[in-house]
Amino acid sequence: MSYRTIVFGTDGSDTAAVAQAAAFGLASRADAEVVIVSAFGGTLARDAAEAAVAAAASLAEQRGVKVRTLVVEAPAAEAILHVASTEDAGAIVVGSRGMGPARRLHLGDVPDRVAHGAPCDVLIVDTSDERKPAPIRTMLVGTDGSPTATEATRKAFELAEILRAAVTVIYVGDPMVGAIVLEQAIKDRPGEARAETLLEQGDPADRIREAAARTGVDLIVVGNKGMAGARRFLGSVPDRVAHEAPTDVLIVKTVGRALEDLAPGHGGIVTIGSRTVAGYRDEQGVLHAVSPRCTHMGCTVDWNDREKTWDCPCHGSRYRWDGAVTHGPAKRDLAPEDVSES
Amino acid sequence: MTFLWWKFIHLAGVFGFLLSHGISAGASLRLRRERDPARVLALADLSQASITWLYGSMVGLLAGGVIAGFKIHAWGQGWIWVSLAVFLAVTASMYPLASNYYRKVRFVAKAMADGSTAVSQEQFASLLRSSRPFILAGLGFGSLGFILYLMVLKPF
């Protein structure tokens, strides 16, 4: 995981200052550039927006953080999302109360829209008590053993390496399956971050929230599966955690990724225009793309990061990273896909 | 096509269904006595290998039966509707009952075969001793027996 560019939106408010400190702290540890955005035309006048970004930039420079500023005439959320897309940002940082008026104990309109529409990771900073934020020393990441959750766990450990934080991995569900998932998560973790595990039962979002409150972690990490589309209205786990968490939340992009999101040695289902492909980028950075449809009965395969295989969740067929079938009931290989990277 | 040909397709589908599903049933009952993760996986693979034939047979069984029913004007009678409803209801209930359990068995067996120590041999044995295969077998045999009764005796 590398954050080369972090987008941070501000309206100059005190709550924005709390999120700002978190953004600069992250950028400093990750050696990233911060693009400070302020939107005018709604409740914020152009003068105020320009003053807000100037003040923020000044503080950033004092902290030795590379910074650029942008003032945009647009609704705040749209401005942030547009800049994140055009700047190819690795992360967006927003406060939990949003910009301008916001309801207490709820995510404001801006952070909620950013979280659901972001093209990258989103760090939602808890600004509820306008406290002076502390460095992130402890993290809690939820996993259910799925490929997207495994990806979120991997990114959490990579971030922990950057921040020198300790990680607690939590699984909520069947104890036997959970024990194995947690064992694999610790065994496969990149880097040397200190790691612990928690095995709980019950409602995943509730248990994650309770564990975060009980252990006093500084950051909760979840994947973005269920943050977009119809599932967001069904109360997906990451959506509920983002709204109910007692601390900062990092929503890691694990679904709706593009080819360039695939790190060397990893694979996943990615979107190219209107189609999806199963892509694997080898250690040399060469991309291998195949059809994501199992040749047995057409289910979408999942990437198995441990074994570097494509696994069908429906009936257990398995394919090598290049699509060659290794385990039935499928009999035919996954068809190669033509993709080109510029 | 005449009624007899559709009846033939229906019965051929039933035959294929029982043959392929019998493989799964036999494997699931045998699993209860296995304790070697590799052998458990092999039995699970055997069960999975029959899935394609199972689905294909179900298509023939349903299509042949529905059309044969039209050929003899049976859709005005209750036995055929109840037969179809029981078949579909049992299929819908057996799928989650079976797939969730065997997905877990396969997952745990694979992990143990790969060297995981997260689950003990006692826990694995407890999982395999589950009464789930008997529940599934009872549900399957019971419903098929009831459908056979309806189709032969046509009580209503």
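A residue counts as buried if its relative accessible area is under 20%, as exposed if that area is over 50%, and as partly exposed in between, using a 1.4 Å probe and the protein chains only. With that in hand, A:Asp311 is buried, with a relative accessible area of 16%.

The model you are looking at is predicted, so local features need pLDDT of at least 70 and side-chain atom pairs count only at pLDDT 80 or more, while totals for chains, interfaces and linings use all residues. Residues are numbered from 1 along each chain as its sequence is written, chains are lettered from A and ligands numbered from 1 in the order in which they are written, and side-chain values use heavy atoms, with hydrogens and water left out.

**Salt bridges**

A salt bridge here is a side-chain nitrogen of Lys or Arg within 4 Å of a carboxyl oxygen of Asp or Glu. Over all chains, the whole structure holds 29 salt bridges. Here are three of them, with the N to O distance for each.

| Pair | Distance (N to O) |
|---|---|
| A:Glu151 and A:Arg257 | 3.1 Å |
| A:Arg240 and A:Asp203 | 3.0 Å |
| A:Arg318 and A:Asp311 | 2.9 Å |

To place these pairs, we need helices (H or I, at least four residues) and strands (E, at least two), which are DSSP runs numbered from the N terminus. Let us take the pairs in turn.

The side chains of A:Glu151 and A:Arg257 meet in a salt bridge. A:Glu151 sits in helix H5 (residues 147–163) of chain A and A:Arg257 in the loop between strand S10 (248–252) and strand S11 (266–272), so this pair ties together parts that are 106 residues apart in sequence. Both A:Glu151 and A:Arg257 are buried.

A:Arg240 forms a salt bridge with A:Asp203. Since A:Arg240 belongs to helix H8 (residues 237–244) of chain A and A:Asp203 to the loop between strand S8 (195–200) and helix H7 (204–215), the pair ties together parts that are 37 residues apart in sequence. A:Arg240 counts as partly exposed, at 22% relative accessibility, and A:Asp203 is partly exposed too, with a relative accessible area of 27%.

In the pair of A:Arg318 and A:Asp311, A:Arg318 counts as buried at 16% relative accessibility. Elsewhere, salt bridges that share partners join A:Asp203, A:Asp206, A:Arg209, A:Arg240 and A:Glu244 into one network.

**Strands and sheets**

Two strands pair if DSSP finds at least two bridges between them. In chain A, 4 strands form an open sheet in the order S14-S15-S16-S17, with antiparallel pairing. Strand S14 (302–304) and strand S17 (325–327) stand at the edges with a single partner strand each, so one side of each is left without a neighbour in the sheet. Strand S16 (residues 318–320) of chain A pairs with S17(A) in the antiparallel sense over 2 bridges.

Strand S7 (residues 166–172) of chain A gives another picture. Of its 7 residues, 7 are buried, so S7 is largely enclosed by the rest of the structure. A:Ala166, A:Thr168, A:Ile170 and A:Val172 point one way from S7(A), while A:Val167, A:Val169 and A:Tyr171 point the other way. Strand S6 (residues 138–143) of chain A runs parallel to S7(A) and is joined to it by 6 bridges. In S7(A), A:Thr168 is the bridge partner of A:Leu140.

**Inside the helices**

Helix H4 (residues 109–117) of chain A has several buried residues, namely A:Val110, A:Pro111, A:Asp112, A:Val114, A:Ala115 and A:His116. Their cover includes helix H3 (76–86), strand S4 (91–95), strand S5 (121–125), H8 and S10 of chain A.

Which residues touch A:Ala57, leaving aside its neighbours within four places in sequence? With contact meaning heavy atoms within 4.5 Å, they are A:Ile36, A:Val67 and A:Thr69. A:Ala57 lies in helix H2 (residues 46–62) of chain A and is buried, with a relative accessible area of 10%. The C-alpha atoms of A:Ala57 and A:Val67 are separated by 6.3 Å, although the two residues are 10 residues apart along the chain.

Back in helix H5 of chain A we find A:Thr148, which counts as buried at 17% relative accessibility. Leaving aside neighbours within four places in sequence, A:Thr148 is in contact with A:Lys225, A:Thr254 and A:Val255.
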